[in-house]
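Dear colleague,

Please read them with the model open.

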Amino acid sequence: MPPMSEAPDGDGKLLRLEGIEVVHGRGAASPFTALSIDRLEVAAGTSLGIAGPSGAGKSTLLHLVAGLLGPSAGAVYWDGRRIDVGDEGTRDRFRRDTIGFVFQDFHLVDELSVIENVLLPARFATWRADREMRARARGLVEVVGLIDPDRRAVDLSRGERQRVAVARALFGRPRLLIADEPTASLDAENGAAIAELLVTTARESEATLLVAAHDRTLLDRLDRVITLAGGRIVEEKTR
Ligand code: ADP
């Protein structure tokens, strides 16, 4: 693979997708295009919602930006640098240093406590969490409204699990916060609390926020919303 390289023209947009195609089953009799985006740009510190029916390509778009899957064609730029190329280690480091990801199904380790789940990314990076890291994790647990940092994840409600996932995504002070349907499995009250948390923490930390959602209350709080259908952008609205 070629090394990460400079974009030919830095245009001040933090995130830029160009000529993107994500094709599943390439080489098979009927390959399937999950995503097809000519151009998408996101300015630093802004929030972008991704709406659209189930199967429209929302998760595919988020996973592409996070480097969890590569495009079949096209390029993804972050701060003028291509992030869809380079070896796996480089892409892993970029993800760890830049992105906080709130997965649709939380990805918590059931047997670990709340605080140990929040500290997981730090453990992957260094193996040992020092006192400062623990203090930061405890602070985040409080920020997201959880009372007991030592409770095991398995004993938490869905709303509480989602809060842990948000605290963990924020742990590395990400410049890009990505959330995949963060309120989908929550009741209205918990959903509103998580939406508030994502939007305000992103704003306060000047992070750029990408959120896939059906939830109109959440989407209405974001600066811009694109709607996907069949992997294509069919509508775009700026607040
Ligand atoms: P959304 O998040 O909007 O529900 P997805 O991005 O998960 O949509 O999926 C977009 C389309 O790509 C769907 O039709 C889905 O079935 C398909 N898809 C996703 N991942 C794969 C894969 N690994 N192999 C084949 N098809 C896939």
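**Aromatic rings and the sheet**

Phe101 is buried, as is Phe103, where buried means under 20% relative accessible area with a 1.4 Å probe and protein chains only. This is a predicted model, in which local features need pLDDT of at least 70 and side-chain atom pairs count only at pLDDT 80 or more, while totals for chains, interfaces and linings use all residues. Residues are numbered from 1 along each chain as its sequence is written, and side-chain values use heavy atoms, with hydrogens and water left out.

Two aromatic pairs turn up in a search of the whole structure, a pair being rings of Phe, Tyr or Trp (its six-membered ring) with centres within 6.5 Å, called stacked when the planes are under 30 degrees apart and edge-to-face when over 60. The ring centres of Trp78 and Phe94 are 6.1 Å apart and the planes stand at 70°, so this pair is edge-to-face. Because Trp78 belongs to strand 4 and Phe94 to helix 2 (residues 88–98), the pair ties together parts 16 residues apart in sequence; helices (H or I, at least four residues) and strands (E, at least two) are DSSP runs, numbered from the N terminus. Trp78 is buried at a relative accessible area of 5%, and Phe94 is buried at 9%. Phe101 and Phe103 form a stacked pair, 4.3 Å centre to centre with 20° between the planes.

In the open sheet, four strands follow the order 2-1-4-5 with antiparallel pairing, which requires at least two DSSP bridges between two strands. Five bridges join strand 1 (residues 15–24) to strand 4 (residues 73–78), and Leu15 stands opposite Trp78.

Notes:
Buried means under 20% relative accessible area, exposed over 50%, partly exposed in between (1.4 Å probe, protein chains only).
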